[in-house]
Amino acid sequence: METQDKEGIYCENMKILEASRLNKRFGGLTAVSSVDLDVKEGEILGLIGPNGAGKTTLFNLLSGALKADSGVIRFKGHDITGLKPHQIARRGIARTFQSVKIFSRMSVIDHVRLGYLFGRLESGGKDEAEREVCEILEFMALASMRDALGRDLILANQKRLEVARALAAKPDLLLLDELMAGLTPTEMAAAMELVKQMGQRGITIVMIEHVMKAIMNICGRIIVLDHGLKLAEGTPEEITENKTVIEVYLGE
Amino acid sequence: MKTAGNKYGSFIALITLLALLVGVPGYMSSYTVILITNILMYVVLTLSWAIFSAPTGYISLASAAFFGTGVYASALLSSSLPLPVVIVIGGSASFTLAFLVGSLTLRLKGMYFTMFTFGLVELVRNSLHWWEVNITGTVGRIILSADNTAIFYSMVGIFVSVLLVSYLIKRSKFGLALESIGESEEAADHSGVNVTRVKAVTFAVSAFFMGAAGATMSMRWTYIDPTTAFNIQFSFMPVLMAIFGGTGHLYAPIAGATVFSLLEEMLTTKFPYYYMLIFGLIMLAVIRFMPHGLEGVIEKWRHRIKRESIVRI
């Protein structure tokens, strides 16, 4: 078990996540090829690229759903390569899924309770827990449907519920996999506002997104993947002007 | 969420049931005592089956393996140890077996897991049979039986324990984790739930009570061999009874097992030749007309009266 004092190794404004030379192959297909990824504490990083570029595979490697064939992942100064998803979750990396994975017969509030009770290395007493759970529901605008079942929510709310469950773990790093997909323009605007607010709360965010408006608006830095390779990296301005990126992904 | 009045009601119902049960040996015939012991055995098996299989959706057919392990633990020890100790050891042996097997095989999903658990019963039964024939040189064992009243009270004790444990699990953080596993293992895992361990521990806890029930029943049978101890019927009955009763509320498996075993008792005595046939027809009718079992009917009726949202224990 890691001890608390070890966490002092990393300092503020440093890299919260350092992944180096990550490789993942599925049979003959190289999904992620020698990718280096550094995430600075407090930033909102966008991950874009065509379908099949390896974005979700990268998320799966970072969150432990898949084991990298080679490469090292360090989080808050510790090597987390090869840890199981629940171990990584407890160390402070929370995620959502491309196709929502909510618990259909579980109430909204229980989703958040689960995130709170299991996603942290240590949690407060019962009153403390209930207070924080309610706070998260308020923040996510889910308080009015706290007793509804997961399956009874509309897609936009199911996506918010996934984020709420992730937030309840009090993550240092949040991986959002296509939060905007399938949302109406109004819902999308609300979701963008939400991501910004989470960023202001000091949560480091990496988001996979196809909605360019959202990416350009929210992210301080963008990484472009294509065929498992890192194609480009930079500010939104740099990315929109990058010739290769335009060719491969953005289009003229 | 449950209203206070409702909780109060279930509590009173339970106390009344227990009070009636405790009095049974005093004013009932020994036939009735044995009948109720038998019913309680099925109630215990169904409740413990539901501890693991109801929330997770992993359909286990291993009950007979754990029940039989309890039976044999009792056969080996009952002559030298007091009944409660034998029961705890029988339960613990099943717990250990389930934990080991569960840690290795709960990666299997759906049908594969079910087939494996079915195979486990055969594996344990045949291994034991081989052992008895080749090593100890026996086929069956004669057990120093306890009297029916002692067996009855032991079964009541196990029933109360399994009910209490089911209730506590449902209300706890652990129960929440189990439910999440049944919905999406991936999401549970990424939320910090140690999925493999939660599944293995729960599987083992449910096996503990099956083993305890086996250790108790063993003393009623006086003669056992691997075929009776590991009868696959002990695997199928809890599943059928859970389907018959339902698993959403704690009363449902109890009701299912009780009605089902009474039915079995009635049919075997009245129609010894046709009872399996009638049984099958009843089961078909239940699945066709009562898809949520007795529970579905009872809940529908409760809602008509109270017009409240669905409540859970």
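**View 1. Cavities in the predicted model.** How many cavities of 30 Å³ or more are there? The count comes to 5. A cavity is a set of points, on a 1 Å grid over the protein atoms alone, where a 1.4 Å probe fits but cannot get out. Grid points are joined across faces, edges and corners, and a volume is the space filled by probe spheres set on the points. This is a predicted model, in which local features need pLDDT of at least 70, side-chain atom pairs count only at pLDDT 80 or more, and totals for chains, interfaces and linings use all residues. Residues are numbered from 1 along each chain as its sequence is written, chains are lettered from A and ligands numbered from 1 in the order in which they are written, and side-chain values use heavy atoms, with hydrogens and water left out.

**View 2. The largest cavity.** Its volume is about 90 Å³. It is lined by 13 residues (an atom within 4 Å of a point). Closest to the centre are A:A94, A:R95, A:A166, B:H190 and B:S191. Two or more lining residues come from each of β6 (93-95) and α5 (155-167) of chain A and α8 (185-190) of chain B. Helices are DSSP runs of H or I, at least four residues, and strands are runs of E, at least two, numbered from the N terminus. The lining has 7 nonpolar, 3 polar and 3 charged residues. Ala, Val, Leu, Ile, Met, Phe, Trp, Tyr, Cys and Pro count as nonpolar, Asp, Glu, Lys and Arg as charged, and the others, Gly among them, as polar.

**View 3. Helix α3 of chain A against helix α7 of chain B.** Axes are lines fitted to C-alpha atoms, for helices over the stretch in contact, and angles run from 0 to 180 degrees between N-to-C directions. Contact (heavy atoms within 4.5 Å) involves residues including A:R113 and A:F118 of α3(A) and B:K173 and B:L176 of α7(B). The contact residues divide into 5 nonpolar, 1 polar and 3 charged.

**View 4. Helices α2 and α9 of chain B.** Residues 30-56 (α2) and 195-221 (α9) pack at about 170°, with axes 8 Å apart. That makes α2(B) roughly antiparallel to α9(B) (over 145 degrees). Among the residues that meet are B:W49 and B:F52 in α2(B) and B:F203 and B:F209 in α9(B). By class, this contact has 12 nonpolar, 5 polar and 2 charged residues.

Methods
1 Å grid on protein atoms, 1.4 Å probe; cavity = no way out; pocket = protein on both sides within 12 Å on 5 of 7 lines; lining within 4 Å. Parallel < 35°, antiparallel > 145°, perpendicular 65-115°, else oblique.
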